[in-house]
Amino acid sequence: MSQQIVAFTGLSGVGKTTFLRHLAEHIPFQHLTGGSLIAAARDARPDERDAMRHADLDENQRLLIDGFALARDTAARLVIMDGHVVIDSSAGLQELPADVFRALGIAKMVHLEDEPARISTNRSNDASRRRPTHDLETLSQHQLASRAHAKSIAAALNVEFHIVTHNDIAHLAFALLKA
């Protein structure tokens, strides 16, 4: 059995975890989150997780790669890595290098998108997280930058690139099953 590793990306608050929870009703997969892997490696408390966006980006990505290697179930046919291609830090948007995704061995890059108003509402309504607040135009620009960078990573790695919305769960399930 060959394993397929998928990078599932999008802005913070777009609903990646919610989408993947619904996708799990259609197909089996191992779900790993970048933030959780980095937090575990840093031994960070849950309330410290969002502050990691201000930590050294290169160190966080090294921890992500190491944590992924340890947490990945080699017996799983499909592993979905839930994370970001851009980090909204105090220095502005920082792009993750394609080499991070190369090291994870991804076979597909999927980018989840939603209306900026919904992303803003999701961020506001999630009391468990401290996410950056932006106006709708900035969120729209960030989403476009995230999409463009996800697409460029997919091109650099020569892997499939898909853009999905919350209406595309069954479509993505089919695309992942046929691989």
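H149 lies in helix α6. Helices here are DSSP runs of H or I with at least four residues, strands are E runs of at least two, and both are numbered from the N terminus. Is H149 buried or exposed? H149 counts as buried, because its relative accessibility is 10%. The cut-offs: buried is under 20% relative accessible area, exposed is over 50%, partly exposed is in between, with a 1.4 Å probe and protein chains only.

A word on the source. This is a predicted model, where local features need pLDDT of at least 70, side-chain atom pairs count only at pLDDT 80 or more, and totals for chains, interfaces and linings use all residues. Residues are numbered from 1 along each chain as its sequence is written, and side-chain values use heavy atoms, with hydrogens and water left out.

Back to H149. Leaving aside neighbours within four places in sequence, H149 is in contact with V85, V86, E95 and L96. Contact means heavy atoms within 4.5 Å.

V86 takes us to β4. V86 and D88 point one way from this strand, I87 and S89 the other way, and all are buried. In a regular strand, side chains alternate between the two faces of the sheet. β4 pairs with strand β5 (residues 92-95) in the antiparallel sense, over four bridges. Two strands pair if DSSP finds at least two bridges between them. D88 stands opposite L93 in β5. The two strands form a hairpin, with two residues between them.

Next, α5, residues 116-125. Its buried residues are P116, I119 and R123. They cover an arc of only 60° around the axis, so they sit on the same side of α5. That arc is taken from the directions from the helix axis to the C-beta atoms. What do these buried residues pack against? They pack against β4 (86-89) and α6 (136-157). The face turned away from the buried side carries the exposed residues S124 and N125.

Look at R123 in α5. R123 counts as buried because its relative accessibility is 10%. Its side chain reaches the backbone oxygen of S12 at 2.7 Å. That is a polar contact: a pair of N or O atoms within 3.5 Å; within protein, one must be able to donate a hydrogen and the other to accept it, and residues adjacent in sequence count only if both atoms are side-chain atoms. The C-alpha atoms of R123 and V14 are separated by 8.4 Å, though the two residues are 109 apart along the chain.

Now the open sheet. Five strands run in the order β2-β3-β1-β6-β7, with parallel pairing. The edge strands are β2 (30-33) and β7 (160-164), each pairing on one side only. Neighbouring strands are turned by 20° against each other on average, direction ignored. β2 pairs with β3 (residues 78-83) in the parallel sense over four bridges. There, T33 stands opposite D82.

α6 lies across β1 (4-9), β6 (108-112) and β7, and runs at about 175° to β6. Axes are lines fitted to C-alpha atoms, for helices over the stretch in contact, and angles run from 0 to 180 degrees between N-to-C directions.

Last, the core. The largest nonpolar core has 46 residues; F8, F19, L23, I80, F101, I106 and M109 have the most contacts inside it. Such a core is a set of buried Ala, Val, Leu, Ile, Met, Phe, Trp, Tyr and Cys residues joined through side-chain atoms within 4.5 Å. Which helix gives the most to this core? α6 does, with five residues.
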